[in-house]
Amino acid sequence: MNRSPAGSRWPRGHLGWAYSGLPEFEGRAASFLADGHVLGERQIFICDDPHAGRWPKDLLECGDLLVHSTAELYGESRVVDATAQGAVFQSILDEARALGYTGIRVVADNTSLTSTPERLEAWMCWEEEADMLIQRRPITGLCAFDRTRTAPATLKALMDVHPETLAA
């Protein structure tokens, strides 16, 4: 288990979470990101249809919080290229560190990135790459999947590739 630093309520590292519906996702995402703010991390929220207006305007304006759509960060096809995705997150981390952040904290609803066999296969390759990236860098990532839109066997496979999973 990855220990939480002093003042943190969340574990560190590469985390998996199966949630049920958008309200649950957004509520827990807000708590997860707030924890990163306390630790001096740049926070990143990713989902299919993000609404920046739901987030604190001051955090958005100063750049402490970045809000992106899934398509923006993972591509319109939603078939993730693990090597290219690693470079994207390394770049985000490099920029954050250059601006004085201690690292990055990413919460992403990845459900649509696993919605077809081709997407799921590519996603599983990315999970392996992401795990190595997170182990070696100041990154905490919460990979979220909507259990109401994911087959049980797929959800189990997705949770199994995460070093730690969160209870519902």
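Reply: Let's start with N110, which is buried, at a relative accessible area of 1%; buried here means under 20%, exposed over 50% and partly exposed in between, with a 1.4 Å probe and protein chains only. This is a predicted model, so local features need pLDDT of at least 70 and side-chain atom pairs count only at pLDDT 80 or more, while totals for chains, interfaces and linings use all residues. Residues are numbered from 1 along each chain as its sequence is written, and side-chain values use heavy atoms, with hydrogens and water left out.

N110 sits in the loop between strand 4 (103-109) and helix 5 (117-136). Helices (H or I, at least four residues) and strands (E, at least two) are DSSP runs, numbered from the N terminus. Leaving aside residues up to four places away in sequence, N110 touches Y74, W123, C143, A144 and F145, where contact means heavy atoms within 4.5 Å.

Now follow strand 4 to R105. The side chain of R105 forms a salt bridge with D35 at 3.6 Å, N to O; the term means a side-chain nitrogen of Lys or Arg within 4 Å of a carboxyl oxygen of Asp or Glu. D35 belongs to helix 1 (residues 22-38) and R105 to strand 4, so this pair ties together parts 70 residues apart in sequence. Both D35 and R105 are buried. R105 also meets E41 in a salt bridge, at 2.6 Å, N to O. E41 is in strand 2 (residues 41-47), so here the tie spans 64 residues in sequence. E41 is buried, as is R105. Put together, R12, D35, E41 and R105 are linked in a network of salt bridges.

E95 is in helix 4 and R42 in strand 2, 53 residues apart.

Helix 4 contributes A82, Q85, G86, F89 and Q90 to the contact, and helix 5 contributes C125, W126, E129 and L133.
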